[in-house]
Amino acid sequence: MTIQEGLPFLQDVAQAAGRQESRALAAMHSRRNTFRTWDTPREDMGRVPREWRLQPGLKQHVPADLAPFVKWFDEQPQARERFRWALRDSLDELLDGQRTGRWAYQHLTKTEKTYLGTAVEVNLTKEFAIDNGADLDWSIAGLDIDCKFSKDLGGWEIPMEMYLCADHGERSGRANHAALVTWMNDDTSQWAAGIVRITDERLRWKKQRDANGGLVRAYNRDNKRKLSDSARSEVYWLWGGLQTDLPTNLLRHLDPETRERILTASLPGRASSGQQRLNQLFYEVQDRIIGRQTVLTVGQQDDSPKRARDTRKPLRGKGIVVLGHQGSHPHVARALGLPAPVKGEWISTRLVPVSSDDPRPKFSLDGQFWTRARESELLDPEPHPAPDLPDGPESAWRHRFSFEGTL
């Protein structure tokens, strides 16, 4: 075998490629992963104009032309749950808390805020495996429909190609198409989704008339128009109108003092560290699910989920267990009357040893019963260390436990 003159040896190519593929040089000066904190927003995420105020539990007749879309969503398994989590994930992806430490919409740049609508459409498309339309982005039940998002209720911007208009010439749509209009407000954990048929008449017109006394369409700089206030009654709201359970942005809704203690936690004489911040998070926030995004944002490290698991040892001495999704942990959570974490979730709680006749929900490990601490027991300056709960295969720990009820 001969080596062609002028070509590098294979090991030289590999070494050069290794240098090019490594982050080593860039990481020395990168600022994207530098820990930072953010101020509490002073302005609201969005607006709800008086004309667009929405109530929950609406009873509406389904318009015949929208019925195929409504029926399609009704037939999707757990559609409402999947929809609200797609909204949550869309915002979380932009916040990118692991790399930026951001925990509120208001921390986004102007460009990122503009992209949120695209992120919502992309995530809904993937979540529901929605097909491409002939003229519009989506096809649902064989019919074209577009997805529109706005942080302001009623603020959706409609392009010319979505509706018929003789004055638009070639830019006019081929039909009065339907739109799925979506909205969320992370400040209030509210969201909504509706379907409306777009027509020229249902879009905004200017108050002033032209020189001939005719109506003038209210275009913005991109030749788009918003729905008129009167068109609100034409929107069919999925799942009964206003929804009040956008998955909670935990850091956004903590009181500022608690959030500050978590995000600045450190050992004496040291700077804030990811492990200390996560220790403080599970110490401060007990008896409620803490999701992966919160852990990533607080830790701001590549291995934040591992560090969440590593909180168990230091907190155990304070009587606190941090439950995950593996081993005995979900069973312990259910026995204590807590939500059982799934993958990517954790929940912490303070435990106290009790007798077998204690009426509170409890479990037994190696003959000792444990239950959640009462408020008065939380004041104990020297809490009893919590048990070390196994998270391996069930066969290795099942015989050590006694749960009220069944596994």
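Predicted model: local features only at pLDDT ≥ 70, side-chain atom pairs only at ≥ 80, totals over all residues.
Mentor: Ala, Val, Leu, Ile, Met, Phe, Trp, Tyr, Cys and Pro count as nonpolar, Asp, Glu, Lys and Arg as charged, and the others, Gly among them, as polar. Residues are numbered from 1 along each chain as its sequence is written, and side-chain values use heavy atoms, with hydrogens and water left out.

Trainee: What makes a residue part of the lining of the largest pocket, and which lie nearest its centre?
Mentor: A pocket is an open set of points on a 1 Å grid over the protein atoms alone, where a 1.4 Å probe fits, with protein on both sides within 12 Å along at least five of seven lines; lining residues have an atom within 4 Å of a point. Here 24 residues line the largest pocket, with K113, T114, F149, G155 and E157 nearest its centre. That lining has five nonpolar, six polar and 13 charged residues.

Trainee: Which helix gives the most to that lining?
Mentor: α6, with seven residues. Helices are DSSP runs of H or I, at least four residues, and strands are runs of E, at least two, numbered from the N terminus; α6 spans 110–128.

Trainee: How do you know that β5 and β7 pair?
Mentor: Pairing takes at least two bridges found by DSSP. Two bridges join β5 to β7, which run antiparallel, so they pair by that rule.
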